[in-house]
2 protein chains.
Amino acid sequence: MYGRMVVILERKEFLELLNERIYFLDGAYGTEFFKLGFKEVIETLNVTNSEMVYALQKAYVDAGVDFLLTNTFSANRLKLSSLKVKYNLKDINYNAVKIAKKARKDKKVYILGDISSTGYLISPLGELTFDEAYEVFKEQGEILLNSGIDGFILETMSDLKELKAAILALRDLSKDVPIIVQMTFDEDGVAVTGTSVEIFSTLMNDLDVDVVGINCTLEPEKLLPVFKQLSNYSRKPISVEPNAGKPKLLRDGSIVYNTSPEKFALYMEDFVEFGANIVGGCCGTSPEHIRLMVEFLKEKKPKKREIVKEEFVSSRTKLKKMKPFLIIGERINAAGKKKFQQKIRERNYNKIVELAILQEKEGAHVLDLNLGIEKLLDKTHFSQVVNTLDKISSLPLSLDIQEFEFMEMALKEYVGRPIINSSTAKRENLDKAIYLLKRYGGILILLTMKDKIPESAKERFDIALEAIRYLEKHDIEKERVIVDPLVLPLGAKKDPAVTIKTIELLSKEGINTSIGLSNLSFGMPNREALNSSFLALCIDKGLTAAILNTSEKCTMNAVFGSLTLKGVDFEKKEIIRNEPM
Amino acid sequence: MYGRMVVILERKEFLELLNERIYFLDGAYGTEFFKLGFKEVIETLNVTNSEMVYALQKAYVDAGVDFLLTNTFSANRLKLSSLKVKYNLKDINYNAVKIAKKARKDKKVYILGDISSTGYLISPLGELTFDEAYEVFKEQGEILLNSGIDGFILETMSDLKELKAAILALRDLSKDVPIIVQMTFDEDGVAVTGTSVEIFSTLMNDLDVDVVGINCTLEPEKLLPVFKQLSNYSRKPISVEPNAGKPKLLRDGSIVYNTSPEKFALYMEDFVEFGANIVGGCCGTSPEHIRLMVEFLKEKKPKKREIVKEEFVSSRTKLKKMKPFLIIGERINAAGKKKFQQKIRERNYNKIVELAILQEKEGAHVLDLNLGIEKLLDKTHFSQVVNTLDKISSLPLSLDIQEFEFMEMALKEYVGRPIINSSTAKRENLDKAIYLLKRYGGILILLTMKDKIPESAKERFDIALEAIRYLEKHDIEKERVIVDPLVLPLGAKKDPAVTIKTIELLSKEGINTSIGLSNLSFGMPNREALNSSFLALCIDKGLTAAILNTSEKCTMNAVFGSLTLKGVDFEKKEIIRNEPM
Ligand SMILES: [Zn+2]
Ligand SMILES: [Zn+2]
Ligand SMILES: [Zn+2]
């Protein structure tokens, strides 16, 4: 019906623009139409009263915005259906773009296809599947794109998983379209789904989006500290659209927002001070709010931000710094455990949940997930386990999965920034890893081997460096790689000094390292003694992570003790946001 | 009464002689006189019937012996008194030498003043004090020496502590007189007091005696395996005098020994094969036994022995190899513990005994003994504690004592080869340590400091090397030194890497090292974690001992784990003789 159109705004050009000055989004639609007495689903106006939409958008264009949002916030199949809108999805979206284009006229204003939530919770929080959500977003996105928008804005999202489905859908439509993504948070900096602004920011750093922002829910003064965290953690340009003050319930049951345009404009300067690249208004803001804001801030240049350099792993609700040391609990591992394996096969995940809770109590920062012999399983086992752990708000996961198809399934369902465990340094494996890292985000465990495990530390080191250079060439920074220098069983007469030497060489290059510690003592007596002693030597030489048995008190002591000996303060709170800000 | 005479046999000359050929001691006296019908105390014959003694000794001279023993085996004040001998002690001893000289006539035969036990058990086994025993031996020894003997033989001793008293008494009489010391063992290689032949041999290596041997109790075939152990462990020339076969009870109540002279001579060749330098006969041997032995073995040269190179510490009943690692339990330490200190002051040593037993169970090899503030104590506290621990057959001790007088008291009472903890590298302290090491035997913990603790590893290393060279110049081998490179509290912002570096430097020179591990974590939280991690790093760099808290499971694990990582088999039985051979 609608021919595919060339995107006017190139992503590169778009990002360059953002360096020059502050850019402006428009203000509210819903509250403006409400003022005019319209109390229905506003997207229907695109079909029933395009003049009314045009008038508001024209006012925003006159107010001086750079970006005009299409009136399509709820215009996805599921939302329209739950709102009982009978108008055609395509018409609503196509008309919205058409109206915006008319409003823009000959001004240099970019039109962003506006998309928000389906209104359904995605599994495991609700019944909607990831793939269903993906298709809903793809459907709306395709119409908008083909109608001639310049970019997308995903806004007022509160579920990181739904956001991820939307991002993947939109990006799959086009590699070239700019995408702005905005979530909404309560004043503690946490979305209703439990995801903190830091978790959001650090995952968005990995994903293929262009601008990351926050909108709605909070008035400027409450949003500012939350936005400050976005400003600290986001490595991408940042955007913000506060509400116009606190909502007030009127006698007629409607809600108004009471921050005046002048006050709003003044507040918005604070966001610019904190590094905002794009500012606009959400609920309660009017063309007058936007006009004053533009007038007040149009000469401003974006601030240079001090961005947190540390790397993090996260689950939906828990964020963990990778430095100084990541304790990855090894105990969700069915390999060689018949009963455990059988339970997983029968989709009984009680033991997994039990081990997740136990390992967190024992001090794990991340949980390694190894479901054992994968031939016995299908990909739904992986989605189910990931969702089961998401439901109990588990620690971040290290997805220890062999089969590519299973790994991708787990990554798709995973909420947060996981560890992808692992890839060898073979080109074909690295290419797969690059695909996964770019599409889903995460940290890669890279094995220092191709087909065989090299005998010497120098060879292992060289293999790691070569692979890291290849990853860097494909835009995967070395900070997203943890090299596993390979621990072999002492019982097999393998020299553990080779592993330690490899760690030392890698550490001198500032490369993160992790070992599968327990492999050392496989089949030996007093494993804890061997594991803890070896770990102390490895940490002394710079090891930054280990997959280990958190029930071994001495091994846990070796982490604390060895780091303290190096002058590292390891007692401080490591999970930085599972409590309110 | 008797003028002091010049010793004919120089020690150096004596030891040189032993390189040339096998030397011969005489045979039995008691059983020979018994055959002639004499059933009284044989030493009285020196006064009442010198002809009878002369005749036997003449027969031994004619049989070809190199050494004639004076007929003074029981001729010490206490033994004679308990045997109700009314003759004068001096006359018995003086006459014995006179008779032997007459028997020797112009032959090149050396006369050894024969001394054996007082017949009383020394404390803590009996009531006799160390000093009383010392005086008894000194009294007899002085008479013998002044009567013109060429050397001493201490024989048939069964209490290592009594032997030590005798050795010190005789050596205090003359620095120049040769001393042969012989203990007697059951066929399991352990004396009735619980001391093994290995414990005896390794302590005698330190003490100022010339030849170390075994005599009596066993017939040649039973004595041979015990003697083999002496041959393995003694770094001094070795001697042996078996009995002439198994004793047989006759109808008249007397005992005879039934190995024929021919058979005896043949057996004695086995002892020569095992490295004996001096051979002779004990109970049941006659001049004919000795004559045939001499005839059979006179052309034999002493065998070169393979002597165990390892170093040991010991208590009366327990021997512990110093390598690969010595776990020294720190918990008998009253410093900073008011109640414990008070109990010690009140001579209530229950807690010490309890901690000794506990630490042995926890895996300690050695017990450090630190009685706290020494000003509150007198030297009898030290002798009592050492005797209390001896009585319960404790592990070897590390005598952690500041006051020189208290240290010497403890060393005098101690049975075995202890650790002397400690000396700084100051010349005056080293001189005191040399005196103690030579007089009492033992291993020295040498601190890498003089007045102040040097900041750098190189300085600590240099101080240790200089001190070791000084000790070596005074005949203390570096194997008898354990260097403590000094661990300072982390809390005092001291760099633990200096200690580790010092260990590494010392280890490369083959020098033993030990640390006071717990000092590291003084005043810190989770001490076990710090201690165990640090210990792993130290052992990796070559640490060979540590004074540590054996109740810390992780610290004990670090010892086992770190050594296993270095390929050291630490599981094998470490206390090599507290069970029968
Ligand atoms: Zn809003
Ligand atoms: Zn005898
Ligand atoms: Zn004898």
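This note comments on salt bridges in the predicted model.

1. Overall count. Across all chains, the structure contains 84 salt bridges. The points below take up individual pairs and one network.

2. Asp462(A) and Lys458(A). These two residues form a salt bridge in which the closest N and O atoms lie 2.8 Å apart. Both belong to helix H18 (residues 457-473) of chain A, and because they are four residues apart there, about one helical turn separates them. Asp462(A) is partly exposed, at 34% relative accessibility. Lys458(A) is likewise classed as partly exposed, its relative accessible area being 48%.

3. Glu273(B) and Lys303(B). A salt bridge joins the side chains of this pair, with an N to O distance of 3.4 Å. Glu273(B) sits in helix H11 (residues 261-273) of chain B, whereas Lys303(B) is in the loop between helix H12 (287-297) and strand S11 (312-314) of that chain, so the contact ties together parts that are 30 residues apart in sequence. Glu273(B) is partly exposed at 38% relative accessibility, and Lys303(B) is partly exposed at 41%.

4. Arg291(B) and Glu295(B). The closest N and O atoms of this salt bridge are 3.0 Å apart. Both residues lie in helix H12 of chain B, four residues apart, which corresponds to about one turn of the helix. Arg291(B) has a relative accessible area of 32% and is partly exposed; Glu295(B), at 47% relative accessibility, also counts as partly exposed.

5. A network in chain A. Salt bridges link Asp206(A), Arg235(A), Glu311(A), Arg417(A) and Arg480(A) in a network.

How values were computed. Residues numbered from 1 in each chain as written. Chains lettered and ligands numbered in written order. Predicted model: local features only at pLDDT ≥ 70, side-chain atom pairs only at ≥ 80, totals over all residues. Heavy atoms only, no water. Salt bridge = Lys/Arg side-chain N within 4 Å of Asp/Glu carboxyl O. Helix = DSSP H or I, 4+ residues; strand = E, 2+ residues; numbered from the N terminus. Buried < 20%, exposed > 50% of the residue type's maximum accessible area, 1.4 Å probe, protein only.
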